[in-house]
Amino acid sequence: MHEIKFKVNGVEQTASVEPRLLLVHLIRENLSMTGTHIGCDTTSCGACTVLIDGKSAKACTILAVQANGKDITTVEGLATAEGLHPIQEGFKEAHALQCGFCTPGMMLRAVELLEKNPNPTEEEIRWGISGNLCRCTGYNNIVTAIQYAGAKMRGAELPSTEPEFV
Amino acid sequence: MIKCKTSKAIGGMGHSVKRKEDARFIQGKGNYVDDVKLPGMLYMDIVRSPYAYAKIKNIDASKALEIPGVVAVVTGKDLEKYNLHWMPTLMSDTQMVLPTDTVMYQAQEVAAVIATSRYIARDGKEAVMVDYEPMTPLMDAHKALDADAPLMRPDKEGQTNNHIWHWEVGDKEATDKVFADADVVVKEHMYIPRIHVASIETCGCVANYNKVENHLTMYMTTQAPHAIRTVIALVAGHVGLTEEKIRVISPDIGGGFGGKVPVYPGYVIAIAVSFLTGAPIKWIEDRSENLQADSFARDYHIDVEMAGTKDGKIQATRFKVLADHGYTDASANPSKFPTGLFSIGTGSYDYGTAFMEADAVYTNKPPGGVAYRCSFRVTEAVHAIERITDIFAKEVNKDPAQLRFENFIKKEDFPWKSPTGWEYDSGDYEAGLKKAMDAVEYDKLRIEQAEKRKKGKLMGIGISTFTEVVGAGPSKDFDILGIKMFDSAEIRVHPTGKAIARFGTKSQGQGHETTYAQIVAEELGIPYEHVQIEEGDTDTAPYGLGTYASRSTPTAGAAAAVAARKLRDKAKKIAAYLLEVSEEDLEWEPGKFFVKGAPDKAKTIQEIVFAAYTNHPPGMEAGFEATHYYDPPNLTFPSGAYICVVDIDNETFEIKVRRFVAIDDCGNIINPMIVQGQVHGGLTQGIAPAMYEELIYDEQGNILNGTFMDYLVPTAVESPSWETGHTITPSPHHPIGAKGVGESPTVGAPPAIANAIVDALSVYGVTHMDIPITPYKIWKKLKEMGKI
C-alpha cells in the first residue's frame with residue numbers, strides 16, 4: 001500500500017492505496033465523488049476526464065499513486081460560491097447535454113481548451129473535444145456551449161443559443 | 001414559427017424552455033447505477049468464453065476461491081439446482097443465464113465471481129480455469145440452413161435445423177403479377193450489418209435482496225422498469241419472489257437507444273447471488289463486455305426489388321430478408337411482430353402492391369435484434385426502400401427528387417392505407433422535400449456537381465424522404481409477453497397548486513422531466529417549473545411499458561394530456577361552484593376559468609386546486625389528482641426529408657459530408673430546443689452506421705472490433721454541423737397532435753448519406769454500396785470494377 005497526498009477541488013486529501021488502483025476509482029470509490037464517470041476500458045471515451053494541475057487527463061488510465069502531490073479538479077469543483085462555472089452555464093443554455101453521462105468529462109476538457117485558446121473556432125473546438133465521445137447530442141450544441149462559455153469568460157457578446165429549428 | 005397557447009412563464013407546448021434535469025447533470029450530481037453504494041455490497045465480475053462455439057469440459061474455481069476476498073464462484077451447474085440456468089427471451093425463445101455444457105458465442109458468460117471489491121472480483125475472474133473443447137462455429141447466416149450446418153439449438157424440442165421463423169405480409173400473387181408485367185424492374189442485395197448502440201454508460205445493476213423481508217430492490221439500467229419487474233416475478237416466482245416483493249429502480253440512465261431493454265444474464269445472476277447470499281451485489285459491465293456480449297442491432301440481408309413504368313411511376317416492391325439472430329431470438333419486438341415494424345418498408349410512395357418475407361436463423365453470434373435508436377427494424381426497411389428508389393430513378397433516368405415528387409402519397413390522401421396493412425395517420429411529404437431542397441439550394445448544387453464532374457471531381461447529393469412508424473402501440477395488436485403496450489400518467493396537484501406527475505416510461509436523456517411538465521402546463525396552466533416529474537421507480541410510478549421505439553410522447557405524453565383534461569373537467573366544476581355560475585357559463589384560458597363576457601370574474605387554477613382541498617363542492621370527492629392509462633388508437637407516422645452533400649477525394653476516397661439538411665415532421669412540437677437536440681443526436685447515430693460502425697467477426701467467430709479503440713463511434717470531428725428544420729402535420733388521433741421524433745433521424749439519415757456517396761461514384765457506374773461506406777470499400781469496389 002502507498003500513502004499519497006493530493007488535492008481535490010482545493011481540499012487536501014490523503015489515501016492509502018494499492019499501486020494498481022486507478023485514479024478514477026480513487027475519486028469515485030474512496031472519495032465517493034461520483035460525478036466522474038467511466039464509459040470505457042481503453043481511454044477512448046473521455047467520460048472520466050478530470051484536470052490534473054490544470055491539464056485534462058483521462059482518470060481511467062492514470063494510477064492513483066501518480067496523483068501524489070497533484071492538484072485535481074473534478075466536475076464537483078467547477079461551480080463556486082458565486083454560482084455555476086461559465087462552461088456549466090453554457091451547457092445548460094445551449095442544450096449541450098441529454099443523458100448527462102459524458103457531460104462532466106466533456107466540460108472539464110472544454111475548460112482546458114478555453115484556458116489555452118479563449119476564442120476557438122468551430123473546427124478548433126471539434127478537434128479539441130475529439131477525445132471525448134457523446135452519443136446523444138450530435139455535438140452541434142456542445143460546440144455552441146463552448147463558444148458561449150468562451151465568450152462569457154472573455155466578457156464578449158454571448159452567442160445565440162436559440163434553436164435554429166425553423 | 002411555432003405558435004404557443006401559453007405564456008413563457010407557464011411554458012406549455014412550443015416553448016424552448018431550458019431543461020429541468022440539467023442542474024444535477026452539470027454539477028456531477030446525477031445518480032447512475034454505478035453511483036449506488038450499499039452497506040455490505042459485494043462486486044460481481046463475469047468469466048467469458050474466448051470461443052464462439054465450444055463444449056465446456058470443466059470449470060475449476062479452486063484457485064479463484066483461494067484469493068482473499070473472493071466470496072463465491074457461480075456456474076451454470078449451480079444455477080441449474082434452482083432451475084435458473086435458462087431464462088425466457090422477450091420473443092418467447094430461451095437464453096442461457098450461465099451455460100451448463102456448451103458456449104454459443106464469443107464473450108458469452110461462463111461463470112460469475114463474487115468478491116469484496118471490483119479489483120478482487122477481477123483477480124478471481126482471471127484465476128477461474130475453464131477447460132473448453134472448441135468446435136467449428138456457424139458464422140455465416142447463408143450457411144445456417146445447409147445440411148451440414150451444426151445444429152445450434154439441440155436443447156429445443158422439435159428443432160431439427162437452424163430456422164427460427166418465417167414471416168410474410170402483403171399479396172404475393174398480385175405482386176408477382178405486377179413484376180411480371182412491369183416495364184422496369186430493378187433489384188439489389190443489401191446487407192445492413194450488425195451494429196451496437198454503445199450508449200456511453202454501459203449496463204449494470206445492484207441487486208439487493210433482503211432475506212428478512214423477502215424483498216428485492218433492483219437498481220438497474222433499464223428502459224422498461226415495470227416490464228422488468230413482471231419478468232422477474234415470472235422467472236423467480238417459484239422461489240418465492242412474487243411481484244409485490246420486487247421493486248425495480250431505474251435511476252439516471254446514461255443513454256439507452258434500445259440496448260437497455262433486454263434482460264441480460266448479468267442481471268439475473270446478480271439477483272440469484274443476492275438471493276442466495278443476502279448481500280447486495282453490484283455488477284457493472286466494462287465497455288468491451290458491453291460491445292461483445294450485449295444485444296446487437298440489425299444484421300439483415302435484404303433482397304429488394306422495385307417494379308415501375310418507364311416514365312417513373314412506382315408500381316410494386318418485393319422484399320426478401322434473411323435475418324441473423326445469433327444463437328437465440330432475443331429481439332425486443334412486440335410479440336406479434338417478429339420482424340418488428342419492417343413492413344413500413346413500402347415507404348412514402350403511392351402504390352398499392354407489395355410483398356415482404358423474412359426468415360430468421362440461428363448462428364454462433366451473440367443474441368439480440370434490439371433496436372439501435374429505431375422503432376423495431378424500421379431502419380432496415382427505410383434503408384432498403386430509399387436506396388432502391390434511387391436505383392429506380394437512375395434506371396428511368398430521372399432526378400431522384402423529381403421521381404419522389406411524382407410518387408409521393410399526397411397530403412389529401414391521408415389517412416392512407418399501405419399495401420402491408422398500415423394506416424398512415426398524416427403527412428405532407430411534398431412540403432418537407434421542397435423545404436429541404438430550398439434550404440440546401442438543390443438546383444444550384446446540381447449545377448455545381450455538373451461543373452465538378454467536368455473537372456473530374458467527385459461530388460454527390462443524396463435524398464431520403466422517409467416515413468417512420470412509432471408509438472407502439474394499440475392494444476389490439478401490440479403486446480410484450482402478453483402485456484398490452486399502453487402507457488400511463490398520474491398527476492397529483494398539491495393544495496398550493498404545485499404538481500407531481502409520474503409515468504410508466506423512463507427517460508435516458510430525452511428530457512422527460514421538462515417535456516412532460518410542459519404538457520401538464522399546457523393543459524392545466526400550472527407553470528412547468530412547478531410540475532415535478534418522476535419515472536423509474538416501480539413502487540411509485542403507474543405501470544407502463546417504458547421508453548423505446550419513440551413511444552414516450554405518443555403514449556405516456558398522451559396519457560399526461562388526458563389525465564390533465566380530467567383534472568380540468570374537475571376544475572371547471574369547482575370554478576362554477578366558487579363563482580356561483582353554471583359550467584356552461586365558463587371559459588378556459590391557460591391558467592384560469594372565467595365567466596363568459598366577464599373576464600374579471602375568474603378563478604385561477606391555483607385557487608381552484610386550493611378549493612379542492614379546503615372548500616370543495618358538496619358531493620364531490622376531495623383532492624386533485626388523476627391517472628390515465630392511454631391505449632393509442634393507432635401508431636403515429638413521423639416523416640422527414642433529408643438531403644446530404646458529399647465530396648469524395650479522387651485519390652484517397654476520403655468522404656467529407658459537406659452539408660446535411662434535415663427537415664423533420666413530428667406533428668405538434670412540445671419543445672423545439674429538445675426536438676432539435678434529438679434530431680442532432682439521431683443524425684449522428686445515422687452517420688455512424690452509414691460510414692463508421694459495424695461489428696466484424698472472423699470465420700472462427702472472433703469479434704475483430706469489440707472495444708472503443710476499433711469500434712468507431714463518431715467524434716465531433718466526424719460529425720458534420722447538422723442543419724435542421726421542421727414542417728408540422730399534426731397527428732389527427734393524438735390528444736396533443738404530436739408524434740415521436742427521437743429515432744426519425746437515425747432511420748432517415750443512412751440512406752441519404754449512402755445515396756449521396758453512390759451519386760458521387762455514379763460517374764464510375766457504381767449503383768450500390770453496402771454501409772458502412774468507407775474509403776477502403778470504395779477503393780476496393782472501383783478496383784474490382786477495373787476503374788482504377
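A salt bridge is a side-chain nitrogen of Lys or Arg within 4 Å of a carboxyl oxygen of Asp or Glu. By that rule Asp286(B) and Arg122(B) qualify, with N and O 3.0 Å apart. The model is predicted. Over all chains, it holds 65 salt bridges.

**Asp93(B) and Lys156(B)**
- Asp93(B) pairs with Lys156(B) in a salt bridge, and their closest N and O atoms are 2.8 Å apart.
- Both residues sit in loops of chain B: Asp93(B) between strands E4 (86–88) and E5 (94–96), Lys156(B) between strands E8 (129–134) and E9 (163–170).
- The pair therefore ties together parts that are 63 residues apart in sequence.
- Asp93(B) is buried, at 3% relative accessible area.
- Lys156(B) is partly exposed, at 23%.

**Asp286(B) and Arg122(B)**
- Asp286(B) lies in the loop between strand E14 (281–284) and helix H8 (287–293) of chain B.
- Its partner Arg122(B) belongs to helix H4 (residues 118–127) of chain B, so the bridge links parts 164 residues apart in sequence.
- Asp286(B) has a relative accessible area of 18% and counts as buried, because the cut-off is under 20%.
- Arg122(B) is partly exposed, with 32% relative accessibility.

**Glu448(B) and Arg658(B)**
- A salt bridge joins Glu448(B) to Arg658(B), with 2.9 Å between the closest N and O atoms.
- Here a helix meets a strand: Glu448(B) is in H12 (residues 442–454) of chain B and Arg658(B) in E33 (residues 655–665) of chain B.
- The two parts tied together are thus 210 residues apart in sequence.
- Glu448(B) is partly exposed at 22% relative accessible area.
- Arg658(B) is also partly exposed, at 30%.

**A shared network**
- Shared partners connect salt bridges into one network of Asp45(B), Arg48(B), Glu109(B), Arg122(B), Lys125(B), Asp286(B) and Glu289(B).
- Asp286(B) and Arg122(B), the pair described above, are among its members.

**Helix H16(B)**
- Helix H16 of chain B covers residues 672–692, which makes 21 residues.
- At 1.5 Å a residue, H16(B) should span 30 Å.
- H16(B) is mostly covered, and 20 of its 21 residues are buried.
- Asn671(B) caps the N-terminal end of H16(B).
- In this cap, a side-chain oxygen of Asn671(B) lies 2.9 Å from the backbone nitrogen of Met673(B).

Key. Residues numbered from 1 in each chain as written. Chains lettered and ligands numbered in written order. Predicted model: local features only at pLDDT ≥ 70, side-chain atom pairs only at ≥ 80, totals over all residues. Heavy atoms only, no water. Helix = DSSP H or I, 4+ residues; strand = E, 2+ residues; numbered from the N terminus. Buried < 20%, exposed > 50% of the residue type's maximum accessible area, 1.4 Å probe, protein only. Expected span 1.5 Å × (residues − 1). Polar contact = N/O pair within 3.5 Å; in protein donor to acceptor, adjacent residues only side chain to side chain.
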